[in-house]
Amino acid sequence: MERILIIEDDEMLNAGLCYNMQAAGYIPVPAYDLKTARELLHSQRWDLILLDVNLPDGNGYAFAGQIRRDSDVPVIFLTAQDMDEDMVKGFEAGADDYITKPFNIKVVLQRIRAVLNRCGKAKAAEELVCGNLRVNLSEMTVQKGNSPLALTPTEYKLLKTFLQNPGQVLTREIILEKLWDSEGNFVDEHTLTINVSRLRSKISDAQYTYIKTVYGVGYQWIGDREQIGGGNE
C-alpha cells in the first residue's frame with residue numbers, strides 16, 4: 001500500500017484526510033508542522049506528500065522546493081491559497097498537482113490516484129527488472145535481491161545492454177560497439193571476455209543463470225530461465 005505523508009496543521013482536517021485515505025487503501029501519516037514533516041521525510045519512505053502552504057513553522061512552497069532538491073516523491077498542495085499566482089508558485093516549487101480548499105474528498109482521492117499512477121509509470125520506465133536483479137537507470141544502481149550489487153562501469157554497461165536486449169543473441173562486435181563510449185574508451189575482445197565472466201560470477205546463482213554463451217558468435221541474455229547446453233566462458 002502507498003504511504004502518504006499529510007502535512008496539515010488543522011488537526012480535524014488532517015484527521016479527516018487520514019480517515020479517508022485509510023478507507024481508500026493508503027497508509028496515511030499526519031504531520032502538523034514542518035519540523036515533524038522533515039523528521040518523517042528523512043526517516044521513512046513515502047509515495048506521496050499532501051502539503052499545506054501556511055504552516056505554523058514555515059512556508060509550504062519553500063518546503064516543497066527543499067523536497068524537490070533531494071527527492072522525486074510526488075507532492076500535491078492542498079491549500080486555501082486559490083489565486084492563480086499561488087498555483088503558479090506551487091508548480092514552480094515542484095508540485096505535481098494543486099488542490100484548493102474547500103474540496104471534495106472524492107476529487108482529492110481521484111487526483112491522488114492519478115498522480116501516483118503517472119509517477120509510478122515514470123518510475124517503472126527507469127527500471128529494468130529480471131529474476132532477482134533490479135537496475136535503476138536514473139541512479140545507475142543495481143540490486144540483487146534486497147542487497148546492493150557493486151559493479152564496475154563496464155560491468156554495469158554490459159548488464160544494461162543484456163537487459164535491454166532479452167533473448168537476442170548479441171555478437172561480440174555488437175557488444176563491443178555498445179561498450180565503446182563517446183569519449184573513445186575502448187574495450188577489446190579479451191577484456192570483454194573477462195568482464196562477462198566477472199559479471200556472471202556476481203549475478204548468477206543456483207537459481208538464476210542469466211547469460212548464455214553462443215560459441216563462435218557472442219552471448220544471449222536468457223533471463224531467469226535455466227541454461228540449456230552451451231557453457232560459461
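**Ground rules.** I count residues from 1 along each chain as its sequence is written. Because the model is predicted, local features need pLDDT of at least 70, side-chain atom pairs count only at pLDDT 80 or more, totals for chains, interfaces and linings use all residues, and side-chain values use heavy atoms, with hydrogens and water left out.

**Elements.** I looked up the DSSP runs (helices: H or I, at least four residues; strands: E, at least two; numbered from the N terminus). The protein chain has eight helices and 14 strands.

**Burial.** I took buried as under 20% relative accessible area (1.4 Å probe, protein chains only). Buried residues are 39% of the 233.

**Cores.** I searched for nonpolar cores, meaning buried Ala, Val, Leu, Ile, Met, Phe, Trp, Tyr and Cys residues joined through side-chain atoms within 4.5 Å. The largest has 25 residues; Leu159, Phe162, Ile203, Ile211 and Trp221 touch the most other members. Among the elements that each supply at least two residues are helix H8 (189-203) and strand S13 (210-214). H6 gives the largest share, five residues. I also found a second, separate core of 23 residues, including Trp46 and Leu55.

Key:
Buried < 20%, exposed > 50% of the residue type's maximum accessible area, 1.4 Å probe, protein only.
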